[in-house]
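Subject: Structure handover and notes

Dear colleague,

Please find below the structure I promised to pass on to you, together with its sequence. My notes on what was found in it follow directly after.

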Amino acid sequence: MTEHIESETAQAAPDPELVERPARRRFTAKYKLEILQKAERLERPGEIGELLRREGLYTSHLTYWRKQRDAGALEALGRPRGRPRGDRRDQQIAGLERRLERAEADLAKARKVIEVQGNVSALLGELLEPKGAIEAASTGR
């Protein structure tokens, strides 16, 4: 019975070799603005400290968030991330331009292939002509 208890406690104990990294907290722009508004409404001494303890924040958070707000960064943070979606027509034009470039490249390759085939055909024609016909043509007989 003691073996069973020991194995359970061994499984429950964390491995001392592995150190868990705490997850970094992320605050939304909306949350930051709400906390700043609450902090600015407080008037009595100690109320801001109480708010910070209740929310698990530091005074440096308020200082940094005020700077962000004054610089207009919090409004920018409220917008969705990523590149703004372009006009559908612009996307179609870009797609058509890519297709045109590929078609022009394919056409250039096809022209080179046709040129090489013509050269090979001419060379084979010269090689396959009978020698007597060449000599007769060159002597004029």
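Read along the sequence, the protein follows the pattern α-α-α-α-α-α-α, with 7 helices and 0 strands, where helices (H or I, at least four residues) and strands (E, at least two) are DSSP runs numbered from the N terminus. This is a predicted model, in which local features need a pLDDT of at least 70 and side-chain atom pairs count only at pLDDT 80 or more, while totals for chains, interfaces and linings use all residues. Residues are numbered from 1 along each chain as its sequence is written, and side-chain values use heavy atoms, with hydrogens and water left out.

On confidence, the mean pLDDT (the predictor's confidence in each residue, from 0 to 100) of the protein is 81, and 75% of its residues reach 70 or more. The lowest confidence falls in helix H1 (residues 2-12), with a mean of 53, whereas the highest, at 92, belongs to helix H6 (residues 88-128). Where pLDDT is low, the predicted coordinates should not be read in detail.

Of the 141 residues of the protein, 11% count as buried, a term that means under 20% relative accessible area, with exposed being over 50% and partly exposed in between (1.4 Å probe, protein chains only). As for contacts (heavy atoms within 4.5 Å), among those between residues at least 6 apart in sequence, 60% join residues at least 24 apart.

Turning to the helix pairs, the axes of H2 and H3 come within 10 Å and cross at roughly 150 degrees, the axes being lines fitted to C-alpha atoms, for helices over the stretch in contact, and the angles running from 0 to 180 degrees between N-to-C directions. That angle makes H2 roughly antiparallel to H3, given that angles under 35 degrees count as roughly parallel, over 145 as roughly antiparallel, 65 to 115 as roughly perpendicular and the rest as oblique. In this contact, Tyr31, Ile35, Lys38 and Ala39 of H2 meet Ile48, Leu51 and Glu55 of H3, and the residues divide into 5 nonpolar, no polar and 2 charged; here Ala, Val, Leu, Ile, Met, Phe, Trp, Tyr, Cys and Pro count as nonpolar, Asp, Glu, Lys and Arg as charged, and the others, Gly among them, as polar.

The axes of H2 and H4 also come within 10 Å, crossing at roughly 110 degrees, which makes H2 roughly perpendicular to H4. The H2 residues Tyr31, Lys32, Leu33, Ile35, Leu36, Ala39 and Glu40 meet Leu62, Trp65, Arg66, Gln68 and Arg69 in H4, a contact with 7 nonpolar, 1 polar and 4 charged residues.

Finally, Leu57 lies in the loop between H3 and H4 and counts as buried at 8% relative accessibility. Not counting residues up to four places away in sequence, Leu57 touches Arg25, Phe27, Tyr31, Ile35, Leu52 and Trp65; the C-alpha atoms of Leu57 and Ile35, 22 residues apart along the chain, are separated by 9.9 Å. His61, in helix H4, is buried too, with a relative accessible area of 17%, and touches Arg25 and Phe27 under the sequence exclusion of up to four places.

Best regards
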